[in-house]
Amino acid sequence: MLSRSIRTSASRAIKSSQCMRIVSCASAKRYASSSLFARQSYPSRIPQSLNSQFISRSLLQRRLESTKVEVPPMAESLTEGTLSQYTKQVGESIQQDELLATIETDKIDIEVNAPVSGKIVKLSFKPEDTVTVGQELAQIEPGEVSSGGEAPKEEPKFEESKKEEPATAAPPPPKSEAPKPEAPKPAPPKQEAPKKQEPVPQAPKVSSFSRNEERIKMNRMRLRIAERLKESQNTAASLTTFNEVDMSALLEMRKLYKDEIIKSKGVKFGFMGLFSKASTLAAKDIPSVNGAIEGDQIVYRDYSDISIAVATPKGLVTPVIRNAESLSVLEVEQEIVRLSQKARDGKLTLEDMSGGTFTISNGGVFGSLYGTPIINTPQTAVLGLHGVKERPVTVNGKIESRPMMYLALTYDHRLMDGREAVTFLRTVKELVEDPRKMLLA
């Protein structure tokens, strides 16, 4: 009886141990077949094809995560521009906030900077293409960029080298047959000697002169300038009145104080500051100079925003000095220097150029003696300054040599009459010839 119970217990124990082994083996198989176990415990057992597929998927995911660079907003009146250039090419690295592209508009150049650091993977346009706001300009694959400016290199791709086939020797040229002797030609008949003819004069050769032509597409700024100037001629009833001013007092004043002003203010004492101040004072007596026509209404202003014409390599721009009537002569000079430098560097913004109630153009710096400026619409008038030349003039009944400058005021006859235009220009002349009067105005 005891032996039977022992045998029964032993058989139950054997069956239990077998079941445990079966369960543990199944669990081990399931754990071994899991991807986590395979990657962590047996990395050498992953097939090479699976590894390459994983890398290609990760690269594809990085490409899909590329940052798009769009054409930025320009202004309310501007929706498109011309792509001037890309500073980077596909495959090159770029730092965050580094210049990526320049877009030329009708008024200013817009710089597009990189939003992230990484590598350029796509450039959507070519130089001289027209781009609109919101279009994709480029794509950047985000990533770390070394201090040297190069993006981290990806894993090298190995390509199977093609076996070079040995070059086959060219077949030898066929042997040429020996030439056959030619039969002797009969002697030509004797001819009489030709008579001497007089030489015929020939036209001079012009091959040494150049007659090449070059065609260049007009940039947007030049196109816009041409459009606005022609619009001004077609819209305004333009008329120009002239006067001349004796620059003796102004030149003497500048000679006395120019060094002191450079040391204290850091600017040169030029003509534009005094003419700007004189124009703002004269505009108080003739408010229509500072006005404008809007529909069937006339707009009069109690402030003077003077547009200063500045020549740049791309064309003429007119940055604006705000509230010039409230600034001193030297403060106007400082603003002119600041805006002129920004214009030459291509750093003007739309705020620097918007508005303007009156324009001053100084063609005298280029040697102009006489000219008729064109109104900068929708303004009413423009003052043109010219070169200072020594000319004989009558002073107190005597002929003297004085530094003289011609002044030209082009105005819109729809808003201003001749009396107002002449009065304005004469007031400017009197204030410049005796700058002390500006302190009393």
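**Close-up 1. Helix α6 and the lining of the largest cavity.** Helix α6 (residues 272–285) contributes three residues to the lining of the largest cavity, the most of any element; helices (H or I, at least four residues) and strands (E, at least two) are DSSP runs numbered from the N terminus. This is a predicted model, in which local features need pLDDT of at least 70, side-chain atom pairs count only at pLDDT 80 or more, and totals for chains, interfaces and linings use all residues. Residues are numbered from 1 along each chain as its sequence is written, and side-chain values use heavy atoms, with hydrogens and water left out. To find the lining in your viewer, select Ser-279, Thr-280, Ala-283, Val-289, Asn-290, Ser-304, Ile-306, Phe-358 and Phe-424. A cavity here is a set of points, on a 1 Å grid over the protein atoms alone, where a 1.4 Å probe fits but cannot get out, and lining residues have an atom within 4 Å of a point. The lining splits into five nonpolar, four polar and no charged residues, where Ala, Val, Leu, Ile, Met, Phe, Trp, Tyr, Cys and Pro count as nonpolar, Asp, Glu, Lys and Arg as charged, and the others, Gly among them, as polar. The space inside comes to about 40 Å³, a volume being the space filled by probe spheres set on the points, with grid points joined across faces, edges and corners. The count is one cavity of 30 Å³ or more.

Close-up 2. Look for Ile-103, whose bridge partner in β5 is Ile-110. Buried means under 20% relative accessible area, exposed over 50%, and partly exposed in between (1.4 Å probe, protein chains only).

Close-up 3. The bond from Thr-377 to Pro-378 is cis, with omega near 5°. Pro-378 sits in the loop between β16 (358–362) and β17 (381–395).

**Close-up 4. Two asparagines with positive phi.** Asn-323, in the loop between β15 (320–321) and α7 (329–345), has phi near 50°. This asparagine counts as partly exposed because its relative accessibility is 37%. Asn-396 lies in the loop between β17 and β18 (398–412), and its phi is near 55°. With 78% relative accessibility, Asn-396 counts as exposed.

How values were computed
Two strands pair if DSSP finds at least two bridges between them. On a 1 Å grid over the protein atoms alone, a cavity is a set of points where a 1.4 Å probe fits but cannot get out, and a pocket is an open set with protein on both sides within 12 Å along at least five of seven lines; lining residues have an atom within 4 Å of a point.
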